[in-house]
Amino acid sequence: MVNSEDSALAVQVAKLWPHREHEASLLLGQLCRVGLHRWRRLDLTAIVPGKDIRFCFWCSKIEIEGIVYPKA
Ligand SMILES: [Zn+2]
């Protein structure tokens, strides 16, 4: 279920993660497009306590509580 609060949060925390889209190869870009993201966890407990947030290493997608933002 999409939470508008988490959606706004995704926009906010996106600025904290320097994703590597510019370094990703064509193959990695393809993997992201089919939803095979390279998730990395960043410790944001000081900023957003209690949220399970993961960032894709190769694109600008963010997963919060199991939901991927921004929605494709
Ligand atoms: Zn990705």
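## The overall picture

The protein chain has 2 helices and 4 strands. Keep in mind as you look around that this is a predicted model.

What does the C-alpha trace span along its principal axes? About 35 × 25 × 15 Å. Buried residues make up 14% of the 72 residues in the chain. Now take the contacts between residues at least 6 apart in sequence: 61% of these join residues at least 24 apart.

## The sheet

The 4 strands form an open sheet, and they sit in the order E1-E2-E3-E4 with antiparallel pairing. Which strands are at the edges? They are E1 (39–41) and E4 (67–69), and each of these pairs on one side only. Neighbouring strands in this sheet are turned against each other by 30° on average, if you ignore direction.

Let's zoom in on one pair. E1 and E2 (residues 53–56) pair in the antiparallel sense, over 3 bridges. If you want to find a bridge in the structure, look for Arg41: its bridge partner in E2 is Arg54.

## Helix H1 and the strands

Helix H1 covers residues 4–14. Which strands does H1 lie across? It lies across E2, E3 (62–64) and E4, and it runs at about 135° to E3.

## Helix H2 and Leu31

Helix H2 takes in residues 26–33, and Leu31 is one of them. H2 is hardly covered: among its 8 residues, the count of buried ones is 0. Just after H2 you'll find Gly35, which takes a positive phi of about 95°.

Why does Leu31 count as partly exposed? Leu31 has 17 C-beta neighbours inside 10 Å. A residue needs 20 or more to be buried and 12 or fewer to be exposed, so a count in between means partly exposed.

While you have a helix on screen, here is a handy general point. An α-helix has 3.6 residues a turn, so residues three or four places apart point the same way.

Notes. Residues numbered from 1 in each chain as written. Predicted model: local features only at pLDDT ≥ 70, side-chain atom pairs only at ≥ 80, totals over all residues. Pairing = 2+ DSSP bridges. Axes fitted to C-alpha atoms, helices over the stretch in contact; angles between N-to-C directions. Contact = placed C-beta atoms within 7 Å.
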